[in-house]
Amino acid sequence: MAQARVEIPYGSSKLVIESGKLAKQANGAVTVTVGGTVVLVTACMSAKPREGLDFFPLSIEYQEKTYAAGKFPGGFFKREGRSSEREILVSRLIDRPVRPLFPEGFYNDVQVVASVLSHDGDNDPDIMAIIGASAALHISDIPYDGPIGAARVALIDGQLVANPTFTQRATSTMDLVVVGWGDGIVMIEGEANEVPEEMVLKGLQFALDNMQEGKKAQEELKSKIGKQKAKVDLKQPNVEFIAKVRELATSRMNEIYTTIADKAERESAVNNLFDKITTDMDAYAAFAKDGHEISKEGVKALFETLQYEIIRGNVFTKGLRADGRGLKDIRQIDSEVSVLPRTHGSSLFTRGQTQALGVVTLGTKDDEQLVESLESTTYKTFMLHYNFPSFSVGETKPMRGPGRREIGHGALAAKALRAVVPSKEEFPYTIRIVSEVLESNGSSSMASVCAGCLAMMDAGVPIKSMVAGISVGLISDEKNTVLITDIMGLEDHFGDMDFKVAGSKKGVTAIQLDLKIKRLTMPLIEKAVAQAKEARFIILDKMAATIASPRKEMSQYAPRIVTIQIPQEKIGEVIGPGGKTIRKMIEESGVKSIDIEEDGKVIVASPDQTALDKAVMMIKGLTIEPEVGAIFEGTVKRIMNFGVFVEFLPGREGLCHVSELSNKFTKDVNDIVKLGDKFKVKLIEIDEMKRFNLSRKQAEAKAEA
């Protein structure tokens with residue numbers, strides 16, 4: 001097989017696409033290289049479509065091999081296992097833009113596998129994997145209407161930077177992943193620190209401009225070694241059967257979608273109509289010819305087509321949506337907080353028939369999540385988990401772990417809220433939000449953003465701004481283009497776009513675009529962003545009516561955490577030999593944990609305020625430098641013939657000589673003090689060996705004076 005190579009500028013480096021050397025039995029295979037990062041991407045297609053399939057079976061797998069960074073996999077088996085959250089999210093980044101580019105009626109299995117073979121720790125493989133997937137499909141014989149281009153845009157010191165390194169991204173206030181087809185955009189995934197819409201739009205245009213070279217490179221590669229596209233059987237419609245079902249169902253279907261606004265009633269009416277026209281399937285026997293099978297599944301598929309046409313047609317001709325709303329109307333919003341008695345913070349956010357229960361749990365440093373990636377090992381102190389049980393849509397299915405959808409929606413909601421979460425220095429807690437979707441009829445991820453924000457405020461998390469999210473949809477054909485606000489499930493299913501924007505009144509914190517058409521032009525994106533902003537402000541006002549600002553006091557059930565600073569040279573004294581001192585303080589005070597960082601920052605966590613105060617006093621007692629002349633409250637710890645040893649600070653003892661115990665002659669120390677006695681003492685001397693000499697009588701004399 002011939003080999004080919006193309007090269008383009010990429011950020012501050014260059015991107016190289018090569019083919020013909022590796023994985024030659026795949027329908028298409030390329031390696032994409034930037035610096036020391038190499039990604040192998042392959043594309044394969046089954047010879048024939050699977051029998052009885054009525055959807056396109058595309059699967060995308062992104063894999064990060066730990067050997068790529070010279071590391072061993074974590075865990076006992078020392079072998080890569082199930083996909084990590086990061087791998088699932090990148091797989092979705094590839095899937096979403098390429099899926100609309102396969103022909104209608106194409107049901108052959110297609111699998112794209114992107115494997116990170118080498119990683120230099122500074123160049124992110126995700127954009128490379130997207131470009132590689134498009135290139136592998138483009139040069140293969142698989143039907144694919146590419147290529148697509150991809151770019152990442154960061155906002156660093158007010159300047160837009162294309163395809164930044166990890167080092168550059170560390171100081172960025174915006175991170176956009178943008179994929180384009182032709183002159184438009186097909187996918188967006190991004191987060192920002194309350195960046196104004198105007199700058200986000202500039203970033204999208206900047207990304208669109210910077211991905212053009214990548215598309216040209218793929219065309220050049222195809223011209224060198226591209227295969228002829230295979231001729232595949234596309235599923236053809238049964239025209240006569242379709243006409244008959246239309247005749248029987250169209251009138252009633254149109255009536256249902258113009259008169260019934262409630263989701264459950266509407267679905268019931270559609271099901272009754274379906275049962276009515278499929279009671280006697282023998283009546284359709286005459287249409288079973290030319291390889292076409294007649295079945296209830298076929299009628300069900302036609303019902304989908306009819307609903308598609310009627311819903312979209314009503315929007316085009318009447319500006320009427322299935323639930324009776326106008327194009328920019330938001331469904332009724334209800335919200336409340338403190339709905340659960342024993343959680344640290346909770347909220348219930350309902351928008352129409354979409355309902356999310358937000359629950360916040362506050363934890364300590366011990367609750368941070370260890371995240372091992374190819375570039376680094378980090379600890380996550382803020383996380384959001386999204387659950388989508390089947391009962392939320394009135395269905396039944398096995399309850400297993402989170403799927404790709406749950407992970408993707410949770411990641412988007414986390415991005416939306418992460419920008420307003422206080423820093424670790426301001427709020428030294430680990431924060432976990434769980435969004436339980438109790439009802440779903442469109443845009444449950446944005447409902448999760450609202451519920452999560454309200455729950456954090458209820459928990460007393462001092463967030464910087466209130467955040468809300470909304471989804472804008474699109475109904476379009478060759479003649480019409482209509483944007484609709486707050487899409488419900490039907491409009492998501494039968495529409496052309498799901499454009500989610502979350503943010504505060506200051507700006508955008510998260511943005512995500514998914515399309516079923518091939519592209520969205522920048523002017524239309526600008527209109528959608530403006531429409532989303534208008535709706536977001538309405539939702540924020542409604543949320544503020546429920547709780548205007550974070551609570552000043554946290555739940556009594558939340559742990560108490562305090563941070564104190566000690567001199568670095570005192571760290572060893574607090575820890576003690578083999579950790580003996582710090583373990584003793586935890587045991588005696590009753591706190592949950594005492595963590596000491598390298599800079600001398602001490603974080604104490606406790607479920608009880610009294611225990612917390614006691615531990616803090618112990619630490620201060622070990623670390624402060626007592627001054628001669630200071631008065632302390634002391635406790636007798638040991639009695640000797642010549643005097644008593646008094647603990648005057650936690651962990652600090654000094655000698656109060658018998659001559660300093662009283663103004664009167666003392667024959668036996670035991671006559672005037674006992675173990676455990678408490679009294680005031682004055683520090684009168686620190687000798688050359690750092691021993692403390694105390695005086696009870698001088699302290700009493702000072703008190704009398």
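Two strands are counted as paired if DSSP finds at least two bridges between them. In this predicted model, strand 1 and strand 2 (residues 13–19) pair in the antiparallel sense over seven bridges, and within this pairing Arg 5 stands opposite Glu 18 of strand 2.

Both strands belong to an open sheet of six strands, arranged in the order 1-2-3-4-6-5 with mixed pairing. Strand 1 (4–10) and strand 5 (58–64) stand at the edges with a single partner strand each, so one side of each is left without a neighbour in the sheet. Direction ignored, neighbouring strands of this sheet are turned by 15 degrees against each other on average. Helix 2 (residues 125–139) packs on the sheet, and its direction makes about 40 degrees with that of strand 4. The strands touched by helix 2 include those in the table.

| Strand touched by helix 2 | Residues |
|---|---|
| Strand 3 | residues 28–34 |
| Strand 4 | residues 37–49 |
| Strand 6 | residues 108–118 |

In soluble globular proteins, nonpolar side chains tend to be buried together. The largest nonpolar core here holds 134 residues, of which Phe 102, Ile 431, Met 456, Met 497 and Phe 499 touch the most other members. Helix 10 (residues 444–459) supplies the largest share of this core, 11 residues. When residues up to four places away in sequence are not counted, Met 456 touches Val 360, Phe 382, Leu 417, Val 421, Ile 431, Ile 433, Val 461 and Ile 463. A second, separate core comprises 25 residues, among them Ile 256, Leu 306, Ala 322 and Phe 494.

Notes
Residues numbered from 1 in each chain as written. Predicted model: local features only at pLDDT ≥ 70, side-chain atom pairs only at ≥ 80, totals over all residues. Heavy atoms only, no water. Core = buried A, V, L, I, M, F, W, Y, C linked by side-chain atoms within 4.5 Å. Buried < 20%, exposed > 50% of the residue type's maximum accessible area, 1.4 Å probe, protein only. Helix = DSSP H or I, 4+ residues; strand = E, 2+ residues; numbered from the N terminus. Contact = heavy atoms within 4.5 Å. Axes fitted to C-alpha atoms, helices over the stretch in contact; angles between N-to-C directions.
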